[in-house]
Amino acid sequence: MEDPLRIGVIGCGSMGREHMRLIASMSEGQLAGVCDTHTASAQRAAEMFGVPAWTDLDRFLEEARPEVVHICSPSGLHADQAMAAAERGVHVLSEKPLDLNLEKVDRLIALCDRQGVWLGCIFQRRMSRALQTVRQAIVEGRMGRILSCSVSIKWWRSQEYYNSSPWRGTWALDGGALANQGIHALDQMVWMAGPVEEVEYAHLETAMHAIEVEDLAIAVVRFASGARGVIEVTTCCRPDLGSRMEIYGTNGAAAFEDARVVRFGLDGEDLMPTLDDPGMLTGGGSDPMAIQLAGHEAQIRDFYRAIRERRPPVVDGREARLSVDLLNRIYARARPGQKPGT
Ligand SMILES: NC(=O)c1ccc[n+]([C@@H]2O[C@H](COP(=O)([O-])OP(=O)(O)OC[C@H]3O[C@@H](n4cnc5c(N)ncnc54)[C@H](O)[C@@H]3O)[C@@H](O)[C@H]2O)c1
């Protein structure tokens with residue numbers, strides 16, 4: 001047995017503590033320390049997990065000497081913090097999105113290449129075996145020529161949710177519903193249907209909440225393959241109507257709810273009975289933390305194995321870049337001249 005990897009977690013909020021719980025349950029990694037600029041949050045996590053805490057990132061990297069960091073801080077900080085770690089030869093597993101700003105993401109990917117460290121990003125839906133089976137059918141051409149791929153996330157977030165942390169609902173650190181909640185859908189879309197070539201229409205609106213970003217987004221896109229798609233994301237929908245994606249080609253179709261496949265057929269045959277997908281049933285429709293963590297656990301284990309086996313993780317920096325690229329294109333269309341994460 002190899003020694004466990006030394007793990008550090010940056011950001012000790014709700015998602016950071018979930019990562020810490022998962023790390024504590026694994027033999028492949030050992031929590032070496034945590035970092036949060038908010039002293040009370042850092043101390044609370046340190047007490048919960050019996051590890052030292054830092055409030056300064058450079059000192060944390062210097063003194064905790066992690067081999068891997070998990071980044072669970074506000075989204076607009078991910079790339080800068082990841083670059084600080086990668087500069088020191090530390091592998092990085094970031095929460096979604098990889099960042100809000102595409103230029104920073106590109107600098108980060110190039111730096112990780114130069115430093116020989118792995119960069120991964122949590123998109124837990126990609127760990128679903130059922131989703132992987134459908135994607136494989138698409139990639140192998142068994143769904144025929146893809147004609148359309150559309151996603152919708154119609155969730156509810158209260159004003160209290162946005163008020164609960166200073167970074168939420170800000171252009172610099174969170175982005176709007178599209179960047180925070182919608183990024184799961186954008187990732188699933190480009191993973192299944194390939195990159196988007198053009199955003200033909202984009203509408204962003206702040207319909208219900210006192211925030212500086214959109215809580216309602218609609219976009220129409222054309223994929224590089226020629227397929228078309230519609231994106232609809234909101235945090236104004238109560239009761240929440242869930243998260244769906246539908247894709248069809250000349251020889252088949254599939255529909256998804258959260259990380260579940262709910263319809264799948266090829267060649268006129270219903271393939272639903274052939275799919276196997278334990279766990280991973282719910283999303284975060286009304287409660288942001290009501291997500292199941294089976295996908296997180298599988299992705300973290302994969303990341304540690306990837307380091308040992310010197311192979312890319314299941315969602316590496318280039319894969320995670322695809323959704324940041326699409327996000328930036330939609331924002332560029334609707335808010336010309338303004339770059340998210342700045
Ligand atoms: N994969 C998922 O389904 C999922 C679900 C929820 C959140 N997330 C992601 O996790 C990240 C964190 O979200 P959260 O819900 O835990 O937020 P949160 O507000 O609960 O926690 C964020 C923490 O980061 C800390 N922080 C702020 N600035 C910092 C800095 N400069 N350095 C270190 N720490 C800093 C805050 O003090 C806070 O403790 C976000 O990027 C979010 O998109 C992912």
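Tutor: Questions and answers on the predicted model follow.

Student: What is the radius of gyration of the protein chain, and how does the globule rule compare?
Tutor: The chain holds ten helices and 14 strands. For 342 residues the globule rule gives 20 Å, and the chain comes close to that, so it is as compact as a globular protein of that length. The radius of gyration of the chain is 20 Å.

Student: What percentage of the contacts with a separation of 6 or more joins residues 24 or more positions apart?
Tutor: Of the 342 residues, 49% count as buried. Among contacts in the chain with a separation of 6 or more, the share from residues 24 or more positions apart is 68%.

Student: What distance separates the end C-alpha atoms of helix α9?
Tutor: Helix α9 runs over residues 294-309, which is 16 residues.

Student: Which elements cover the buried residues of α9?
Tutor: The buried residues in α9 are G295, E297, Q299, I300, F303 and Y304. Their cover includes β1 (5-10), α1 (14-24), β2 (29-35), β5 (91-94) and β6 (119-121).

Student: Which element gives the largest share of the shell around the ligand?
Tutor: Around the ligand there are 25 residues, of which G11, G13, M15, H38 and E95 come nearest. By class, the shell has ten nonpolar, twelve polar and three charged residues. The largest share, three residues, comes from α1.

Technical notes: Residues numbered from 1 in each chain as written. Predicted model: local features only at pLDDT ≥ 70, side-chain atom pairs only at ≥ 80, totals over all residues. Helix = DSSP H or I, 4+ residues; strand = E, 2+ residues; numbered from the N terminus. Expected span 1.5 Å × (residues − 1). Buried ≥ 20, exposed ≤ 12 C-beta atoms within 10 Å, placed from the backbone. Contact = placed C-beta atoms within 7 Å. Rg over C-alpha atoms; globule rule 2.2 N^0.38 Å. Near = placed C-beta within 6 Å. Nonpolar A, V, L, I, M, F, W, Y, C, P; charged D, E, K, R; others polar.
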